[in-house]
Amino acid sequence: MDTYDDACLETFLKKQRQLFREDVATNLDEAEAFLEDCMAVVCKNLDEVRDYLESAGMDISGMGDQELEEASEVFAIGDGRYLIVEG
């Protein structure tokens, strides 16, 4: 299980509506519990995002880096890392 630092949690809180119609968490503790429950993954870079999504069976062939970053389940943390949340 990944551990989620404050940057991950704050990013998810701020951007959660890119994946969900309504907020699923309102504070850092709820965000952490939610991310643990859905086994969200933290990737070090976009290459790891691509590898993870391919290994999860998603057809991302032909997707450029920008399209990958814009996928609703991919959250850019802002420090080069990405959070993948499967809703």
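**Exercise 1. Determine where Gln16 lies and whether Gln16 is buried or exposed.**

Solution. Gln16 is found in the loop that joins α1 to α2 (28-37). Helices here are DSSP runs of H or I with at least four residues, strands are runs of E with at least two, and both are numbered from the N terminus. The structure is a predicted model, in which local features need pLDDT of at least 70, side-chain atom pairs count only at pLDDT 80 or more, and totals for chains, interfaces and linings use all residues. Residues are numbered from 1 along each chain as its sequence is written, and side-chain values use heavy atoms, with hydrogens and water left out.

The relative accessible area of Gln16 is 2%, so this residue is buried; buried means under 20% relative accessible area, exposed over 50%, and partly exposed in between (1.4 Å probe, protein chains only).

Next come the contacts. Not counting residues up to four places away in sequence, Gln16 touches Asp23, Val24, Ala25 and Phe75, where contact means heavy atoms within 4.5 Å. The Gln16 side chain also reaches the backbone nitrogen of Val24 at 2.7 Å.

Finally, consider separation along the chain. Gln16 and Glu73 stand 57 residues apart in sequence, with 9.2 Å from C-alpha to C-alpha.

**Exercise 2. Identify which element holds Phe75 and which residues Phe75 is in contact with.**

Solution. Phe75 belongs to strand β2. With a relative accessible area of 0%, Phe75 is buried. Beyond its neighbours within four places in sequence, Phe75 is in contact with Thr11, Phe12, Lys15, Gln16, Gln18, Leu19, Arg81, Tyr82, Leu83 and Val85.

**Exercise 3. Work out how α1 and α2 are oriented and which residues meet between them.**

Solution. The axes of α1 and α2 come within 9 Å and cross at roughly 95 degrees. The two helices are therefore roughly perpendicular to each other, given that 65 to 115 degrees counts as roughly perpendicular, under 35 as roughly parallel, over 145 as roughly antiparallel and the rest as oblique. On the α1 side, Asp6, Leu9, Glu10, Phe12 and Leu13 meet Leu28, Ala31, Glu32, Phe34 and Leu35 of α2.

**Exercise 4. State how many aromatic pairs there are and which residues form one aromatic cluster.**

Solution. Rings of Phe, Tyr and Trp (its six-membered ring) pair if their centres lie within 6.5 Å; planes under 30 degrees apart count as stacked, over 60 as edge-to-face and the rest as tilted. By this rule there are four aromatic pairs.

One of these is stacked: Phe12 and Phe34, at 5.6 Å centre to centre with 15 degrees between the planes. This pair links distant parts of the chain, since Phe12 is in helix α1 and Phe34 in helix α2, 22 residues apart. Phe12 is buried because its relative accessibility is 0%, whereas Phe34, at 21%, is partly exposed.

Phe20 and Phe34 form an edge-to-face pair, 5.4 Å centre to centre and 90 degrees between the planes. Phe20, in the loop between α1 and α2, is 14 residues from Phe34. Phe20 is buried at 16% relative accessibility. Together, Phe12, Phe20, Phe34 and Phe75 form one aromatic cluster.

Key:
Polar contact = N/O pair within 3.5 Å; in protein donor to acceptor, adjacent residues only side chain to side chain. Axes fitted to C-alpha atoms, helices over the stretch in contact; angles between N-to-C directions.
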